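Here is a short briefing on a few side-chain arrangements. Please look at the structure first, then read the points below.

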Amino acid sequence: MKKLGFGLMRLPLVNAEDQKSIDMDMLREMVDLFLSEGFTYFDTAYMYHEYRSEIAVREALVSRHKRESFTLASKLPIVYLKEEADNEKYFNEQMEKCGVDFFDYYMLHDINRLSYEKAEKFNSFSFIQQMKKEGKIRRAGISYHDDAELLYQILTAHPELDFVQLQVNYLDWNHPAIQSRKCCETAAAHGKPIIVMEPVKGGTLADLPEEAEALLRGYAPDASAASWAIRFAASQKNVEMVLSGMSCTEQLRDNLQYMREFQPMEEEEYALLEKVVEMINESVSIPCTGCRYCVEGCPVSIPIPEYFALYNAEQQALNKGFSTQRTYYDNLIHTYSRASECIGCGSCEAACPQHLKVAQYMKSVAEAFERD
């Protein structure tokens, strides 16, 4: 397979404020173009787009193309399991929603310390192996969000896993909590191929600080910022596939342009990215990827990723007079709770793959947008 995968977590929308309003006409066009260029890998999950992504996959891909022409991956939502029987319940529901009788790749979703305990308690590892024996899964793995030490424990305890899906990007490569590099090295030491998620870190690496953008343009004038991020991930040892969440045909065409004939990064390019990381860390206040895992469990209904995105934009804004960000914040608080209404329960922090101190950051958001 070619190394670019179509991540189905950030699909084109008719209404940007409604995750269910997937633009199916544009998605069909994107799916057809992706396949026509020889790319085959599609990645979805149970909760993406408020439970609509798998249905969109069926309508845009599965019902319109021969099964042997594409590779489909999905994930068991460990967070929703209440008993062992739920493994089969959700798996069967996903097969029906996707319209398939097998998944090429299937993962236990969002494995970390808490979810790993739950997956062991409900025998989820054994379940996906059984589905593999029955031919309903071709390759079984985990989608992982934690440190290298736990990953080592899991891969040692479960050598039967065929692959791991890891968050890998140049901004997180040496991050002390996310540990992209160390996790890649751990997977490689266990002989596990790597599927990469968040190579552009939720769009952060596609919208760089002006100084960083100029640095990369100076070296490769025609290369997009996103192309640097995806090529970095695809260049790492044992990486089999790099997922990109593409929200429009323009983003797809850009990715296809440099991934048709993938060229690994050279040492000079790695050195440039190290400088870019320094520049980004100076400008991005809250490294949120916008995955939205934190939102559903919030007892006071705070739109955490939206507030963080506004806060980061506010910190980067050159004009400190009228604040467009505050206008959007004021719009949101008519529907949702204010940042200052965070009760510090910790449910969001337990769900956050980035291990962010959400309650602490909420105080900063409140200070930025709720002052008179």
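**A stacked pair and other ring contacts**

Tyr329 has 0% relative accessibility, so Tyr329 counts as buried (under 20% relative accessible area, 1.4 Å probe, protein chains only). The model is predicted: local features need pLDDT of at least 70, side-chain atom pairs count only at pLDDT 80 or more, and totals for chains, interfaces and linings use all residues. Residues are numbered from 1 along each chain as its sequence is written, and side-chain values use heavy atoms, without hydrogens and water.

**Aromatic pairs**
- The whole structure holds 23 aromatic pairs (Phe, Tyr or six-membered Trp rings with centres within 6.5 Å; stacked under 30 degrees between planes, edge-to-face over 60, the rest tilted).
- Tyr46 and Tyr90 are edge-to-face, because their planes stand at 85 degrees, with centres 5.2 Å apart.
- Both Tyr46 and Tyr90 are buried.
- Tyr329 and Phe369 are stacked, at 5.0 Å centre to centre and 25 degrees between the planes.
- Tyr329 sits in helix H14 and Phe369 in helix H16, so this pair ties together parts 40 residues apart in sequence (helices are DSSP runs of H or I, at least four residues, numbered from the N terminus).
- Phe369 is buried too, at 1% relative accessibility.

**Charges over rings**
- Lys97 lies over the face of Tyr46, 4.5 Å from the ring centre (NZ of Lys or CZ of Arg within 6 Å of the centre and within 35 degrees of the ring normal).
- Lys2 lies over the face of Phe39, at 5.0 Å from the ring centre.
- Phe39 belongs to one aromatic cluster with Phe6, Phe34 and Phe42.

**His49**
- His49 is in helix H2.
- His49 counts as buried, at 4% relative accessibility.

Note on methods:
Helices (H or I, at least four residues) and strands (E, at least two) are DSSP runs, numbered from the N terminus. Buried means under 20% relative accessible area, exposed over 50%, partly exposed in between (1.4 Å probe, protein chains only).
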